[in-house]
Amino acid sequence: KGSSAYYINLSHLIAMVERRKSEEVINFAPGPAKLPLERVEDATMLCAQVLIEAAEQGAFSYKDSGISVMEMSHRSTDYLAMSQETVSLLRELLDIPANYQILFLQGGGTGQFAAVPLNLSRSSDEVADYFITGLWSKKAAEEAQKYVKVNKVLTHSSHYNSIQEKEHWKLTPGAAYVYYCANETVHGVEFQGIPDTGDVPLVCDASSSFLTHKMDISKYALIFAGAQKNVGCAGVTIVIVRDDMIGKAQSICPSVWDYKIQADNNSTYNTPSVWGLYIVNLVLKWLKKQGGVEAIEERCATKARMVYDTIQNSNGFYHLLVEPAFRSRVNIPFHICRNGNPVKELEEKFVKEAQAQNMYELKGHRAVGGIRASLYNAVSVEEVKTLVQYMNDFMARNRVTSPPA
């Protein structure tokens with residue numbers, strides 16, 4: 001602090017931010033995703049490439065301590081205070097009851113694919129029910145099979161464009177837990193409510209819909225979410241787990257993923273992602289400033305409606321993959337069609353021309369193809385308007401080669 005190098009680096013960061021703002025780049029990435037570009041109550045500015053005043057306050061000297069957040073000890077009073085504040089913000093934003101622990105772990109959602117069965121079943125002889133509605137719940141079930149007997153609740157489908165009605169579910173009485181993915185990032189399939197599983201503990205992978213809408217936390221035994229979509233950068237996995245689910249881990253569960261050990265150590269049994277939690281803390285303050293989850297939920301509905309209406313009114317030029325009752329509010333995959341068939345050349349052209357207009361990460365996942373627009377919390381209504389205008393313009397310029405089906 002006070003060195004010439006500090007001022008040179010800070011000036012460089014400021015220049016990067018100003019260039020980012022002037023270019024008006026819109027990031028529609030499915031994750032890691034866009035961070036807010038606004039000020040929060042402690043005058044910290046966030047953006048996906050740099051955090052200008054966060055860099056000044058955190059990367060160089062957190063609260064004038066002379067210590068960067070990136071070199072801050074997870075045993076320090078500053079870190080513990082930041083962690084406790086982040087827990088309090090989550091409890092406030094989601095009305096999390098007192099009988100739930102909030103953990104900040106590592107390993108992403110993929111790590112929880114193993115941690116959930118290892119903590120919520122006592123042995124590999126127990127049965128766990130899995131709703132497989134897309135790529136991520138499929139991967140979760142495949143991982144869980146190493147540690148528990150997996151029962152697939154739904155009849156297998158490779159299309160992943162809907163969710164079967166309850167009368168077709170095959171639930172196991174007395175299962176260790178029931179697992180589902182609230183929103184499938186790749187396929188764009190979203191549960192529009194909470195599955196009714198009776199008295200069986202319910203587990204939710206909420207990674208891509210976390211903090212986009214209110215959740216009745218009391219309905220769940222456990223919820224987890226990677227931070228890198230709606231609440232921060234990669235490196236932090238938030239686990240919200242009910243007290244009575246803790247302390248049942250299988251003997252083979254690694255200590256680093258044992259919920260009781262992490263809860264007893266305030267998520268510091270191993271060195272946590274200090275910088276990652278710092279960003280989560282700032283984003284939660286930004287969310288609170290926006291009006292909380294209720295306001296964000298309304299904004300998410302508005303953004304999704306704008307894109308879906310554009311596609312629905314395209315007379316077949318744009319084609320949705322998911323049935324109406326199960327369409328995601330935050331991940332919208334679609335194709336560009338000619339005579340009802342996807343046209344790869346037009347889809348590649350769409351992505352290329354969008355990037356030329358500073359709209360990035362619109363290419364669909366390799367498992368689905370086509371286009372995918374991810375409309376997470378930090379993507380503004382104005383940015384979605386820009387996307388919709390581009391979609392209408394592209395359609396007008398290219399419809400001559402793609403007549404209605």
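## Exercises on a sheet and its helices

The seven strands of this predicted model's open sheet follow the order 2-10-9-8-5-3-4, with mixed pairing. Residues are numbered from 1 along each chain as its sequence is written. In this predicted model, local features need pLDDT of at least 70, side-chain atom pairs count only at pLDDT 80 or more, and totals for chains, interfaces and linings use all residues, while side-chain values use heavy atoms, leaving out hydrogens and water.

**Exercise 1.** Find the strands at the edges of the sheet.

*Solution.* Start with the terms: strands are DSSP runs (E, at least two residues) and helices likewise (H or I, at least four), numbered from the N terminus. Two strands pair if DSSP finds at least two bridges between them. Strand 2 (100-105) and strand 4 each have a single partner strand, so one side of each is left without a neighbour in the sheet.

**Exercise 2.** Work out how strand 3 and strand 4 pair.

*Solution.* First, take strand 3 (residues 127-130) and strand 4 (residues 149-152): four bridges pair them in the parallel sense. Next, pick Val127, whose bridge partner in strand 4 is Lys149.

**Exercise 3.** List the residues where helix 4 meets helix 5.

*Solution.* Contact means heavy atoms within 4.5 Å. From helix 4 come Thr110, Phe113, Ala114 and Pro117; from helix 5 come Trp136, Lys139, Ala140, Glu143 and Ala144.
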